[in-house]
Amino acid sequence: MAQMKRTVIVASAMVALTACAPAGYEGANSGAAEPVAVTAAEPSAAVEPEASPSPTAAPSDAELTDELNGRKVARMGSVVTDQDGWILYRFDKDTNDPPSSNCVDKCAQVWPPALTDGAPDLNGVSDDKVGTVTRQDGTRQITLDGWPLYRYVGDKKPGQWKGQGVGGTWFVVAPDGRKNLSCLPTGTPKPVAPPADEKAGQGDSNYSY
């Protein structure tokens, strides 16, 4: 009898894990999100790489990230969104000590960096975790625990997290800056093509991030 109970428990856990990714890829709308209670700490100075170029103003047509909001969404749990409810990600090929972004060119078209021209408003994210890093083009990108933050153009509406596990290197970021591994897809999803390739009708490209 005891062996049967253990078998049922393990089978149930496997079903829950397997069902996680397909359901999650439909996304959870941002209206169902709830703020995550995080104790704020004293502000700390933004960390900049020593060899970085001097920060420049973001291009006039660049979309700035004015807010970081710690929230909870169905299946994924704790996430960070911008002011419009788009879920933010971190990249394993970046570094957080010192902070550095290695997503440029086509990568940055698919994973737009969370740019800022000042300190974003924080809700459910501790301000001692938030800083900036100067990108190669001189713009400033928001970091969380040193990790540069990004959006994913494959997310078609706020609250979706289709970028989870893409390339085995992109993950939803939690309010403390860690990777949220609560719900992982089966296999390794490929990134969508850069917008320019999609307009040209090229479909999936050789872009590898």
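Modeller: R90 holds its charged end over the ring of W147, 3.9 Å from the ring centre. Here a charge sits over a ring if NZ of Lys or CZ of Arg is within 6 Å of the ring centre and within 35 degrees of the ring normal. K179 lies over the face of F171, 4.8 Å from the ring centre.

This is a predicted model: local features need pLDDT of at least 70, side-chain atom pairs count only at pLDDT 80 or more, and totals for chains, interfaces and linings use all residues. Residues are numbered from 1 along each chain as its sequence is written, and side-chain values use heavy atoms, without hydrogens or water.

Now the ring pairs. Rings of Phe, Tyr and Trp (its six-membered ring) pair if their centres lie within 6.5 Å; planes under 30 degrees apart are stacked, over 60 edge-to-face, the rest tilted. That rule gives six aromatic pairs. One of them joins Y89 and W111 edge-to-face, at 5.4 Å between centres and 75 degrees between planes. This pair links distant parts of the chain, 22 residues apart: Y89 is in strand β4 (residues 89-91), W111 in the loop between α2 (106-110) and β7 (121-123). Helices (H or I, at least four residues) and strands (E, at least two) are DSSP runs, numbered from the N terminus. Y89 is buried, at 0% relative accessibility. W111 is buried too, also at 0%. Buried means under 20% relative accessible area, exposed over 50%, partly exposed in between (1.4 Å probe, protein chains only).

F91 and W170 are stacked, 4.1 Å centre to centre, with 5 degrees between the planes. F91 belongs to strand β4 and W170 to strand β11 (residues 170-172), so this pair ties together parts 79 residues apart in sequence. Both F91 and W170 are buried. Ring pairs link Y89, F91, W111, Y150, Y152 and W170 into a cluster.
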